[in-house]
There are 2 protein chains.
Amino acid sequence: MSFLAQITEPTLLLNETIARANIRRMAEKAKRQNVRLRPHFKTHQSKQVGEWFKAEGSTAITVSSVKMAQYFARYGWQDITIAFPLNRRQLPQIAELAKQITLNLTVTSAHDVVFLREYLTAPVNIWVKADTGYNRTGIKTEDTAALDAVLTELQKTAPHTFKGFLAHAGHTYKARNQETISAIHQQTLEKMRALKEQYSAAWPALELSIGDTPSCSVMEDFSGMDEIRPGNFVFYDLTQHHITSCCLQDIAVAVACPIVALHPDRNEVILYGGSVHFSKDILPLPDGGVIFGLVVPLTENGWGAPLSGTAVVSLSQEHGIVRTTPELMKHFKLGGLVGVLPVHSCLTANLMKGYLTLSGERLEHLSGVAL
Amino acid sequence: MSFLAQITEPTLLLNETIARANIRRMAEKAKRQNVRLRPHFKTHQSKQVGEWFKAEGSTAITVSSVKMAQYFARYGWQDITIAFPLNRRQLPQIAELAKQITLNLTVTSAHDVVFLREYLTAPVNIWVKADTGYNRTGIKTEDTAALDAVLTELQKTAPHTFKGFLAHAGHTYKARNQETISAIHQQTLEKMRALKEQYSAAWPALELSIGDTPSCSVMEDFSGMDEIRPGNFVFYDLTQHHITSCCLQDIAVAVACPIVALHPDRNEVILYGGSVHFSKDILPLPDGGVIFGLVVPLTENGWGAPLSGTAVVSLSQEHGIVRTTPELMKHFKLGGLVGVLPVHSCLTANLMKGYLTLSGERLEHLSGVAL
């Protein structure tokens with residue numbers, strides 16, 4: 001039976017060939033540039049997709065919650081970084097994980113280090129979150145006083161090991177061309193290398209970790225870095241395309257949506273597929289408008305290029321409103337299916353709770369696993 | 001143990017007293033105005049919260065998907081309207097439900113009626129979706145040709161029963177004061193009554209159903225209507241408060257979030273709580289900015305009033321960034337908890353997959369039930 005025939009409600013299609021090619025390209029770049037690829041698994045959150053990374057040589061991963069770390073530890077991942085500020089309230093779960101695997105935690109202050117020294121006995125590696133300009137969290141690379149304070153505490157934290165500095169240049173997400181990505185990336189590299197220079201006398205083994213998808217996708221120079229941690233690149237999405245991180249053909253997921261109503265008088269099509277399927281992330285248009293997805297035709301082999309002049313222009317909880325052209329309008333049929341390329345694949349995958357591959361196989365997402 | 005002590009990660013708190021009061025107020029209004037309250041269950045999607053409605057006399061409900069209908073049918077609801085355009089691809093599931101309960105479907109065209117006549121043998125009631133000005137879907141109340149076409153088909157659809165016209169005046173969500181809500185509501189009532197007049201000679205039993213939360217919350221006049229279907233009012237949220245549907249004190253849910261990093265230099269607090277917990281719905285501010293939630297202090301008895309000058313100003317996948325005042329900044333502690341009133345409680349509840357009441361009881365949400 002075709003994968004299309006089994007679709008009765010909004011379903012997240014995953015093109016395995018595209019996703020594996022995305023993984024391979026990044027793995028090859030990391031090898032070529034002599035950096036460790038520690039992929040972020042928050043985008044797919046799937047034990048099966050994890051295996052595709054293993055096939056390309058990944059042995060160490062990044063996650064953004066303790067729950068994700070527990071999940072992937074269960075499926076054989078033995079070296080996991082939680083790239084999220086230490087959540088003290090999950091100390092018991094962290095302690096349990098630390099006994100099972102090589103667990104790498106992220107701290108944002110000297111207080112965090114003191115807390116781990118006092119309350120966590122099982123050894124972990126500690127990354128210090130460095131803020132290279134994104135301004136979300138972490139210690140600003142210029143804030144020598146705060147950095148010194150953290151490293152002073154780290155000198156007294158046996159059995160825990162100071163691993164190095166970890167940054168996320170999330171401000172590349174505001175880029176709309178590769179020059180901007182390049183400028184941010186070069187600045188990140190410089191700030192990180194300066195950090196290493198500053199502290200390498202006392203900490204000769206300290207490592208540097210960076211890893212936003214835009215920089216890792218379009219840049220080639222990672223000199224001085226020890227690892228990269230991109231995540232979204234496994235699927236990409238319209239946002240990454242807008243940033244110029246990828247081509248539309250690199251997008252590995254599309255939501256198949258049943259067509260439930262037609263409004264030819266205004267060239268609108270109502271999809272079963274709304275904000276509980278896509279999330280409400282928007283893609284800004286040059287004219288000041290926003291869209292929630294691009295519409296692609298579905299075939300037995302996956303999906304085609306986006307339909308011109310056609311987009312998801314509005315979302316309710318379960319409804320998606322597609323606006324199209326008079327010419328294309330007549331191709332939409334009640335009871336038919338179309339695909340929608342998502343604006344933000346991480347959030348869409350989290351909401352959809354699982355995948356259907358083009359060969360009809362169901363893959364797991366952590367959010368669909370019973371609690 | 002206090003409900004606060006068991007919270008280790010983002011957790012959706014539900015104040016049962018407030019929710020039951022919201023339900024009771026709406027049930028009393030419906031009784032006073034002599035309309036049937038057929039509450040929409042898409043906001044809470046919880047078997048336990050459903051029981052609170054039963055306690056106030058509800059016997060008939062509204063849902064927005066076949067899956068929700070299956071779920072609530074399992075918990076004893078015998079009269080369910082799926083207020084979403086007919087999804088032909090779920091015909092087998094619809095047929096199964098139609099055998100078990102009084103199932104009310106929504107059609108948006110004569111084609112839908114023909115489809116049901118040809119392919120569905122188990123009897124259902126059929127609502128015709130009327131568009132009173134929201135412009136999302138349904139047949140415009142002025143489009144007599146399309147309405148006639150549907151009703152002509154309905155005359156030949158035995159064993160199915162034409163129930164009446166169903167509208168959702170979702171354009172009240174753009175209102176920012178009660179005058180606007182009132183104007184939209186009056187227009188809805190007039191258009192619906194005109195429909196009834198037009199078709200009551202041929203269909204003397206036809207009913208009228210309306211039901212957005214803003215209108216149902218602030219209006220008293222429902223003359224000529226047979227039922228109302230509000231849903232969000234069970235919890236309300238910042239959007240409803242913004243629309244003037246409710247007071248802040250009527251909001252029955254708040255997300256408890258661990259504090260994971262502090263940035264006193266810029267009066268910012270990093271919460272464990274991001275777009276996978278809240279959704280990305282925004283509340284526009286008068287100054288053109290947007291926020292993703294208001295911050296409330298948590299106590300053993302629930303939560304207090306929103307902290308002044310304090311809001312969730314940015315969301316990443318797992319991070320929430322709170323901006324506050326220098327005076328309040330010092331009250332945020334690493335490892336502590338704060339509450340966040342959500343912008344859109346339907347989407348937040350769907351993402352959070354369950355509730356924690358103030359007495360420490362865990363309640364179910366359909367999205368957290370194993371597939």
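I took helices (H or I, at least four residues) and strands (E, at least two) as DSSP runs, numbered from the N terminus. Two strands were called paired if DSSP finds at least two bridges between them.

I noted that this is a predicted model, in which local features need pLDDT of at least 70, side-chain atom pairs count only at pLDDT 80 or more, and totals for chains, interfaces and linings use all residues. Residues are numbered from 1 along each chain as its sequence is written, while chains are lettered from A and ligands numbered from 1 in the order in which they are written.

**Entry 1. Strands of chain A**

I looked up the bridge partner of A311(A) in β19(A) and found R323(A). Strand β19 (residues 319–323) of chain A runs antiparallel to β18(A), joined by four bridges. The two form a hairpin with three residues between them. I then followed β18 (residues 311–315) of chain A to β15 (residues 293–296) of chain A, and found antiparallel pairing over two bridges. There, G293(A) is opposite V312(A) of β18(A).

**Entry 2. Contact between the chains**

I counted two residues as in contact if their C-beta atoms, placed from the backbone, lie within 7 Å. By this criterion 41 residues of chain B are in contact with 41 residues of chain A. On the chain B side, the elements giving two or more residues are β4 (79–85), β11 (253–263), β12 (268–272), α10 (275–278), β19 (319–323) and α12 (345–352). Of these, β11(B) gives the most, with four residues. I also recorded that 100% of the interface residues of chain B are interface residues in chain A as well, so the copies meet through the same surface.

**Entry 3. Helix α7 of chain B**

I found that α7 (residues 178–199) of chain B has 22 residues and reaches 31 Å from first C-alpha to last, close to the 32 Å expected; the expected span is 1.5 Å times one less than the number of residues. I called a residue buried if 20 or more other C-beta atoms, placed from the backbone, lie within 10 Å of its own. Buried residues of α7(B) include I181(B), I184(B), H185(B) and L195(B). The buried residues of this helix pack against β6 (125–131), β8 (161–167), β9 (207–210) and α8 (213–218) of chain B.

Definitions and conventions. Buried ≥ 20, exposed ≤ 12 C-beta atoms within 10 Å, placed from the backbone.
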